[in-house]
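The exercises below are to be worked with the sequence and the three-dimensional model side by side.

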Amino acid sequence: MEVVFDNCLKMNLLIGFIFFVTSIITHFFPPKKINQLYGYRTPKSMKNQHNWDVAQQFSTKKMMQGSLVLMGSSFLKMVFNITETVELWIEVVSTIGVVVYVLYTTEIQLKKTETPCQ
């Protein structure tokens, strides 16, 4: 059990790295057309091609920002003396927080830039 807790914040480093790599891939190879397999896919983003393009570009930037937060939080144990329970909570809350951040900010951006009736 101690090994699991000892590796908790290392998981944030791994998840942050995966988010970072994913954002780099989608930045350089964004999905051109609306699809069910690849890209930022929500009902609003898949409503029309304009929304799709905005969502792909914007969510990539937000995912990169979130990945840096996750990777940065993985170094908290080096700076602060935190308990295993706090470490686990940091991992869970920060990961969920980044996902919510990407979704929320992208949906707000889509609402702002949505074109009327297409």
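Predicted model: local features only at pLDDT ≥ 70, side-chain atom pairs only at ≥ 80, totals over all residues.

**Exercise 1. Secondary structure and burial**

Determine how many helices and strands the chain has, and what share of its residues is buried.

Solution. Step one is to count the elements: there are five helices and zero strands. Step two is to read them along the sequence, which gives the pattern α-α-α-α-α. Step three concerns burial: of the 118 residues in the chain, 33% are buried.

**Exercise 2. F17 and its surroundings on the surface**

Classify F17 as buried, partly exposed or exposed, and identify the nonpolar surface patch to which F17 belongs.

Solution. First, locate the residue: F17 lies in helix α2, which spans residues 8-28. Next, apply the cut-offs: buried means under 20% relative accessible area and exposed means over 50%, with partly exposed in between. F17 has a relative accessible area of 47%, and is therefore partly exposed.

**Exercise 3. The largest pocket**

Describe the volume of the largest pocket and the residues of its lining.

Solution. Begin with the volume, which is about 230 Å³. The lining of this pocket comprises 14 residues, of which T22, G39, Y40, S59 and M63 are the closest to the centre. Then assign the lining to elements: α2, α3 (49-73) and α5 (84-113) each give two or more residues, and α3 gives the most, with four.

Notes: Residues numbered from 1 in each chain as written. Heavy atoms only, no water. Buried < 20%, exposed > 50% of the residue type's maximum accessible area, 1.4 Å probe, protein only. 1 Å grid on protein atoms, 1.4 Å probe; cavity = no way out; pocket = protein on both sides within 12 Å on 5 of 7 lines; lining within 4 Å. Points joined across faces, edges and corners; volume = space filled by probe spheres on them.
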